[in-house]
Amino acid sequence: MTRPYRSVLYIPGSKERALEKARGLAADAIIFDLEDAVAPEEKVAARATLARFLAEVDYAPRARIVRINGFDTDWGRADAAAFAAHPGVEAILVPKVNGPADLDAVAAVAGEKPLWAMMETAAGMLNAAAIAAHTRLAGMVMGTNDLAKELGCRSRADRMPLMAGLGMCLLAARAHGRVIVDGVFNAFRDEAGLAAECAQGRDMGFDGKTLIHPAQVEIANAAFAPSEAEVDLARRQIAAFNAAQAQGQGVAVLDGRIVENLHVVSAQAVLARAEAIRLLEAGVQAFGVQRIAVGAE
Ligand SMILES: CC(C)(COP(=O)(O)OP(=O)(O)OC[C@H]1O[C@@H](n2cnc3c(N)ncnc32)[C@H](O)[C@@H]1OP(=O)(O)O)[C@@H](O)C(=O)NCCC(=O)NCCSC(=O)C[C@H](O)C(=O)O
Ligand SMILES: [Mg+2]
């Protein structure tokens, strides 16, 4: 069954208060960040703090991913080595992946952990298919801030300048069966803006959205879950197709539209996704979940 990645929350590895709070948040996945959210003078201490938290706190059933520093920095190799066999970590996220060779380098020191790739450079966009094909890769994360910086594009609500890159990475991820989550929405007090960008990402086919603040979790969870109407339609499509098949027909008609085998496959995926979310939420609720509002200005 597909694991949900509707809400993927970044938590700076240097912020103990945020690391403490995370166990009570309803995010489907957490990226424990050692890269851009941590100042250079805090890098070494953050690595130790994070290793301690991940040993002492059980963040399951959420997916637990550590974003290391790049191997072109003073910290990347030691980050990968520190979490290569850490039992509290499920995967290593590699920043600014330009091509499969960047993943080879990390794989050599990351033990058996699956790798995820930050897709956020112009070279990474052009090499997306080769990156997605890497045998150690499990997922891709869009880094839309770094990508916008490299492109020199303007920030637009419709994200038109980023669409080529977003689309190429989506195609690559789907061609190779990888998870792919959308980039962050920086204006974390703008709930309507986040909802609109989540809806756009969901329409495009992303599995979920990366987030920077706990107040964004509920909005992403709602946007990337199948709606009641989608679940109802999926059930009725399957029933209509089964009924048509029982009468020797290969195609059904429902609500004035045809239902073929490929639509049944999509409908089954919707139901599987809804069930996976139900099970994950039951597991998260068992630990006790709290809602965090954005702090007042
Ligand atoms: C954006 C923030 C700096 C805002 O922090 P703050 O002003 O402290 O917010 P609040 O007062 O509203 O916080 C309320 C409580 O929630 C906790 N909190 C805040 N953020 C998180 C979090 N991410 N995870 C868990 N808990 C969090 C606070 O501690 C408050 O708790 P309490 O003290 O009990 O009231 C801050 O949210 C932040 O640092 N966010 C993460 C930023 C980050 O990780 N950035 C790097 C990743 S984004 C990126 O790099 C994208 C990519 O690479 C690209 O290129 O696009
Ligand atoms: Mg980045």
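**Briefing: helix packing, barrel and domains**

Helix 9 (residues 191-204) packs against helix 10 (residues 217-224) at an angle of about 30 degrees, and their axes are 9 Å apart. Helices (H or I, at least four residues) and strands (E, at least two) are DSSP runs, numbered from the N terminus. Axes are lines fitted to C-alpha atoms, for helices over the stretch in contact, with angles from 0 to 180 degrees between N-to-C directions. This is a predicted model, in which local features need pLDDT of at least 70 and side-chain atom pairs count only at pLDDT 80 or more, while totals for chains, interfaces and linings use all residues. Residues are numbered from 1 along each chain as its sequence is written, and chains are lettered from A and ligands numbered from 1 in the order in which they are written.

**Helix 9 and helix 10**
- Helix 9 and helix 10 are therefore roughly parallel to each other (angles under 35 degrees count as roughly parallel, over 145 as roughly antiparallel, 65 to 115 as roughly perpendicular and the rest as oblique).
- From helix 9, E191, L194, A195, C198, A199 and R202 meet I219, A220, A223 and F224 of helix 10; two residues are in contact if their C-beta atoms, placed from the backbone, lie within 7 Å.
- By class, this contact of helix 9 with helix 10 comprises eight nonpolar, no polar and two charged residues (Ala, Val, Leu, Ile, Met, Phe, Trp, Tyr, Cys and Pro count as nonpolar, Asp, Glu, Lys and Arg as charged, and the others, Gly among them, as polar).

**Barrel**
- Eight strands close into a barrel with parallel pairing, in the order 1-2-3-4-5-6-7-8; two strands pair if DSSP finds at least two bridges between them.
- On average, neighbouring strands of this sheet are turned by 25 degrees against each other, direction ignored.
- Strand 7 (residues 179-182) pairs with strand 8 (residues 208-211) in the parallel sense over two bridges, and G208 in strand 8 is the bridge partner of V181.
- Helix 8 (residues 163-175) lies across strand 5 (115-119), strand 6 (137-142) and strand 7, and runs at about 165 degrees to strand 6.

**Domains**
- The protein chain is divided into domain 1 (7-224) and domain 2 (228-287), with bounds from an automatic or database domain assignment.
- Four residues from domain 1 and four residues from domain 2 form the contact.

**Backbone**
- A60 and P61 are joined by a cis peptide bond with omega of about 10 degrees; P61 lies in the loop between helix 2 (43-56) and strand 3 (63-67).
- R159, in the loop between helix 7 (144-151) and helix 8, has a positive phi of about 55 degrees although it is not a glycine.
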